[in-house]
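Hi everyone, thanks for making time this morning. Let me put a structure up on the screen, and then I'll walk you through it.

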Amino acid sequence: MKQQTTEKASLIADQIREKAGQAAELVRSKTPDPVRDKTAQAAAQVWDSATRAGQYAADKTPDSLVEKAGQAATVARGNRTPLLIVGAAIITFVLIRRSRRRHR
């Protein structure tokens with residue numbers, strides 16, 4: 001069951017990547033060059049600002065918290081499949097509840 005879930009998740013991820021690539025190419029082909037240039041400049045500015053903000057946050061974060069976050073990330077990476085399954089179950093539960101509320 002775990003292997004089937006992993007294979008299905010991988011297949012869905014591949015399909016999403018393919019569709020996202022097609023959508024990105026469509027947008028690229030329909031967008032005029034000056035707009036793309038301005039967008040690239042804006043994206044570079046946002047990237048720089050985010051990098052500076054991240055560095056500032058890293059500098060101000062206590063070392064013990066950084067260490068604990070690293071440990072949590074390592075555990076999460078080691079248990080990726082169960083976390084994905086739990087996440088999918090939570091999303092499904094929320095969607096079902098929302099659907100039932102709308103039908104009342």
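This is a predicted model: local features need pLDDT of at least 70, side-chain atom pairs count only at pLDDT 80 or more; totals for chains, interfaces and linings use all residues.

Let's begin at the surface, where Val86, Ile90, Phe93 and Val94 form a nonpolar patch with about 370 Å² of accessible area together. A patch here is built from residues with over 30% relative accessible area and no salt bridge, joining nonpolar side chains (Val, Leu, Ile, Met, Phe, Trp, Tyr) within 5 Å and like charges within 9 Å. The accessible areas come from the Shrake-Rupley method with a 1.4 Å probe, and for residues only the protein chains shown count as cover. A salt bridge means a side-chain nitrogen of Lys or Arg within 4 Å of a carboxyl oxygen of Asp or Glu.

Residues are numbered from 1 along each chain as its sequence is written, and side-chain values use heavy atoms, with hydrogens and water left out.

For charges, Lys and Arg count as positive and Asp and Glu as negative, while His and the chain ends are not counted. Arginine 102 sits in helix 4, which covers residues 80-102, and arginine 102 is exposed, with a relative accessible area of 65%.

Now let's step back to the whole chain. How many helices and strands does the protein chain have? There are four helices and zero strands, so, counting from the N terminus, the order is α-α-α-α. Helices are DSSP runs of H or I with at least four residues, strands are runs of E with at least two, and both are numbered from the N terminus.

What about the overall dimensions? A compact globule of 104 residues would have a radius of gyration near 13 Å, but this protein chain has 20 Å. That radius is taken over C-alpha atoms, and the globule rule is 2.2 Å times the number of residues to the power 0.38. Along the principal axes, the C-alpha atoms fill a box of roughly 50 × 45 × 35 Å.

Buried residues make up 0% of the 104 residues. The protein chain exposes about 9500 Å², with carbon and sulfur atoms supplying 61% of it. As for charge, there are 19 positive and 10 negative charges, and their mean positions are 14 Å apart. Each charge is placed at NZ of Lys, CZ of Arg, CG of Asp or CD of Glu.

Next, the salt bridges. A search of the whole structure finds three.

Let's take helix 1 to start. Arginine 17 and aspartate 14 meet through their side chains, at 2.7 Å from N to O. Both lie in helix 1, three residues apart, about one turn of the helix. Arginine 17 counts as exposed at 56% relative accessibility, whereas aspartate 14 is partly exposed at 41%.

Glutamate 25 also forms a salt bridge, with arginine 28, and the closest N and O atoms are 3.3 Å apart. This pair too lies in helix 1, three residues apart. Glutamate 25 is partly exposed at 44%, and arginine 28 is partly exposed at 43%.

Over in helix 2, arginine 36 and aspartate 33 are separated by about one helical turn, because they are three residues apart. Their closest N and O atoms are 2.3 Å apart in a salt bridge. Arginine 36 is partly exposed at 33%, and so is aspartate 33, at 47%.

Glutamine 22, in helix 1 (residues 2-30), is 66 residues from alanine 88 in sequence and 25 Å away in space, C-alpha to C-alpha. Alanine 40, in helix 2 (residues 33-60), is 60 residues from arginine 100 in sequence and 43 Å away in space, C-alpha to C-alpha.

Key. Buried means under 20% relative accessible area, exposed over 50%, partly exposed in between (1.4 Å probe, protein chains only).
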